[in-house]
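Here is a short walk through one protein model. Keep the sequence and the 3D view side by side as you read.

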Amino acid sequence: MYKQLVILFFIIGLFPSTIKSQQSRTLFFMHDVPQAVYVNPAVQPSCKYFIGVPALSSIYLNAASTGFSYNDLVAVNAQSFVNGLHRVDFVSGEVQLNLISLGYKHNDFYFLFNVAERVDARLFYPENLLDLAVNGNEGLIGTPLSTNSLGVNATHMREYSFTVSQRVSSEYAWGARGKLLFGKANVTTRPRPLHFSTSPIDYNLYAEWGLQVNSSVPLEIDKLANGNVQNVALGQIDAVNYLLNSRNMGFAADFGFIYAAENITWSASLLDVGAIYWASDARRFNNYGSFQFSGLAPGDILNADVFLQTMEDSLSNQLKVSEAPGSYMSFLPVKLNVGATYGFLPKFNLGLLFRTEFFPRRPVPSLTLSINTQNTKWVYSSLTYSVMNGSFQNVGIGLGLRLQSVGIHILSDNVLAFAWPQKAHTANFRFGVDVLFGCKNRRDRLPYIGPGCMGVSK
């Protein structure tokens, strides 16, 4: 039973039919790329009509680790590895695929309809648990360890969104986006405390825990006569029913503004304020238990197989998991972007972006500096440097092209990851192709003024 529970609590959370975002930092100030509206709904693309090529309008892939790179993971010095961790770290994987995108500008208003598949999986782990594994439990004498930061948050959903923005004046624009969400799969652990302490008499390690896992995934569950879970396995998934499932409904909203002062243009957005109510295949798993570890004796070293079997049997006696059907709600991790640009040349501006993603276990902040082109007709570009995910080695590049009525964009927040993947904490990539109309005549475009974060016709 122990192995099945480990799979349920941890591995299934990384199953790639899982939310978020997402959305690269390099994109935030590239307002001539229509997809910039996804990170700030106040952005108005310069062309009157926008049609995203189905399934190719925007493809976004992201992988991140705040605590370690591949080189750190394979390092021989375990103590150095632990010393490099933060109080709470995570590993994550994200995917976003835009299926349908249609945009239209009418006078001072811009409207956008979008359908997207979104996938996100995150595993959070506290530094003090790994420190306990490396340095032992002597440091817990008189100072018990308690944490509720261990957990998984994994979601797959489809998003139907409608964006409206207005250019109120030559200095100010606002935008808002409403989202209708249909969840496809979810595994979420509720924050519950884990307690560890050491006896000053015999140095035994004592552990107590309470685990709760909510899942909306087809599962096959075998139970014992007393009702406790014996085995858990992934059930059979019908692809058509899975993709058309509409029982897990949610709502969310995005908000943004752009304000052009004399030399500085301010912009900000608040994304993914909402939640999903999970009803399809919804279950709650609970376990409360305790464990005492007395350390290794000389005989345990000589009979390692017997010792490990004894440990597994002892844990199995404590891992008595109850399960019951039950719907639940999960909230989307909110993202806050606050940025400013300063136009230092007619065709260039300097950008500064603060971004924070809010999770139940910790906020995840980042800082991005950028040089961006402005008031260009055919080619748009951005060069960025970011401090994010526990790393200072992140150089990003963004490039947008408009060739007649076809727009192409390609960008990454960390191109160094493609050259030295073993050292990277973040690797992401965005690519898309659009069809644009109503921007051949110069008067149909919105020329930049001032620093150039928003365009206004004179």
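A residue is called buried when its relative accessible area is under 20%, exposed when that area is over 50%, and partly exposed in between (1.4 Å probe, protein chains only). Helices (H or I, at least four residues) and strands (E, at least two) are DSSP runs, numbered from the N terminus. The model is predicted: local features need pLDDT of at least 70, side-chain atom pairs count only at pLDDT 80 or more, and totals for chains, interfaces and linings use all residues. Residues are numbered from 1 along each chain as its sequence is written, and side-chain values use heavy atoms, with hydrogens and water left out.

Start with the whole protein. It has 8 helices and 23 strands. Of its 458 residues, 50% count as buried. Its accessible surface comes to about 20,700 Å², computed by the Shrake-Rupley method with a 1.4 Å probe, where for residues only the protein chains shown count as cover. Carbon and sulfur atoms hold 64% of that surface.

Now find strand E6, residues 151–167. This strand is mostly covered, with 14 of its 17 residues buried. Which strands pair with E6? Two strands pair if DSSP finds at least two bridges between them. One partner is strand E4, residues 109–126, which runs antiparallel to E6 and is joined to it by 16 bridges. Look there for Val119, which stands opposite His156 in E6. Another partner is strand E7, residues 172–189. E6 and E7 are also antiparallel, and they pair over 15 bridges. Here Asn153 stands opposite Thr188 in E7. A hairpin of 4 residues takes the chain from E6 to E7. In a regular strand the side chains alternate between the two faces of the sheet.

Next, go to strand E2, where Asn62 is placed. Is Asn62 buried or exposed? Asn62 is buried, because its relative accessible area is 9%. Contact means heavy atoms within 4.5 Å. Not counting residues up to four places away in sequence, Asn62 touches Ser92, Gly93, Glu94, Thr426, Ala427 and Asn428. One of these, Asn428, also makes a polar contact of 3.3 Å with Asn62, side chain to side chain. A polar contact is a pair of N or O atoms within 3.5 Å; within protein, one must be able to donate a hydrogen and the other to accept it, and residues adjacent in sequence count only if both atoms are side-chain atoms.

Then turn to His425. His425 sits in the loop between helix H8 (416–419) and strand E23 (426–437). At 11% relative accessibility, it counts as buried. What does His425 touch, leaving aside its neighbours within four places in sequence? Its contacts include Ala63, Ala64, Ser65 and Thr66, and also Asn389, Gly390 and Ser391. A polar atom of the His425 side chain lies 3.1 Å from the backbone oxygen of Asn389. Val91 is 334 residues from His425 in sequence, yet their C-alpha atoms are 9.3 Å apart.

Finish with two loop residues. Ala55 lies between strand E1 (49–52) and strand E2 (59–65). Its phi is near 70°, a positive value in a residue other than glycine. Ala55 is partly exposed, at 33% relative accessible area. Asp281 lies in the loop between strand E13 (264–278) and strand E14 (282–293). Its phi is also positive, near 50°. Asp281 counts as partly exposed because its relative accessibility is 37%.
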